[in-house]
Amino acid sequence: VDGTDGEHPRYNLITGCTAREVGLYEKQASFYMQAKTAYTTITNNVFFNGPRAGINFNDGFGGGDEISNNLVFSTCRESG
């Protein structure tokens, strides 16, 4: 899939979320993981107590993403 067909998610909005204690059963979990999407806005969220990165961009597909005004702490607690 090369992304030229325009059938990929775009302009997603993740806002006002609180997530904690992620990764009790899945050790590679992130609060937000993005792949093959573009123009995502992640703003005004609180993420804490996770085993891996709080926000994870897999491939940078498409670009145009905005991350602002998030509180992310106590992550990457199980990295080697």
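These legends accompany several close-up views of a predicted model. Local features shown here need pLDDT of at least 70 and side-chain atom pairs count only at pLDDT 80 or more, while totals for chains, interfaces and linings use all residues. Residues are numbered from 1 along each chain as its sequence is written, and side-chain values use heavy atoms, with hydrogens and water left out.

**View 1. Three strands form an open sheet in the order β2-β5-β8, with parallel pairing.** Strands, like helices, are DSSP runs numbered from the N terminus: a strand is a run of E with at least two residues, a helix a run of H or I with at least four. Two strands pair if DSSP finds at least two bridges between them. Look for β2 (18-20) and β8 at the edges, where each pairs on one side only. On average, neighbouring strands of this sheet are turned by 0 degrees against each other, direction ignored; the axes behind this value are lines fitted to C-alpha atoms (for helices over the stretch in contact), and angles run from 0 to 180 degrees between N-to-C directions. As a reminder, strands of a sheet pair through backbone hydrogen bonds, either parallel or antiparallel.

**View 2. Strands β5 and β8 pair in the parallel sense over three bridges.** Here you can find Val46 standing opposite Leu71 in β8.

**View 3. The rings of Tyr32 and Phe57 make an edge-to-face pair.** Rings of Phe, Tyr and Trp (its six-membered ring) pair if their centres lie within 6.5 Å; planes under 30 degrees apart count as stacked, over 60 as edge-to-face and the rest as tilted. By this rule the count comes to four aromatic pairs. For Tyr32 and Phe57, the centres are 6.4 Å apart and the planes stand at 65 degrees, so the pair is edge-to-face. Because Tyr32 lies in strand β3 (residues 32-34) and Phe57 in strand β6, the pair ties together parts that are 25 residues apart in sequence. Tyr32 is buried at 13% relative accessibility, whereas Phe57 is partly exposed at 28%; buried means under 20% relative accessible area, exposed over 50%, and partly exposed in between (1.4 Å probe, protein chains only).

**View 4. Phe48 and Phe73 form a stacked aromatic pair.** Their centres lie 5.0 Å apart, with 0 degrees between the planes. Phe48 belongs to strand β5 and Phe73 to strand β8, so this pair ties together parts that are 25 residues apart in sequence. Phe48 is buried, with a relative accessible area of 18%, while Phe73 is partly exposed at 38%.

**View 5. Asn49 has a positive phi, near 60 degrees, in a residue other than glycine.** You will find Asn49 in the loop between β5 (46-48) and β6 (55-57). With a relative accessible area of 15%, Asn49 is buried.

**View 6. Cys76 has a positive phi of about 55 degrees although it is not a glycine.** Cys76 sits in the segment after β8 (71-73) and is partly exposed, at 39% relative accessibility.

View 7. Cys17 counts as partly exposed, at 33% relative accessibility.
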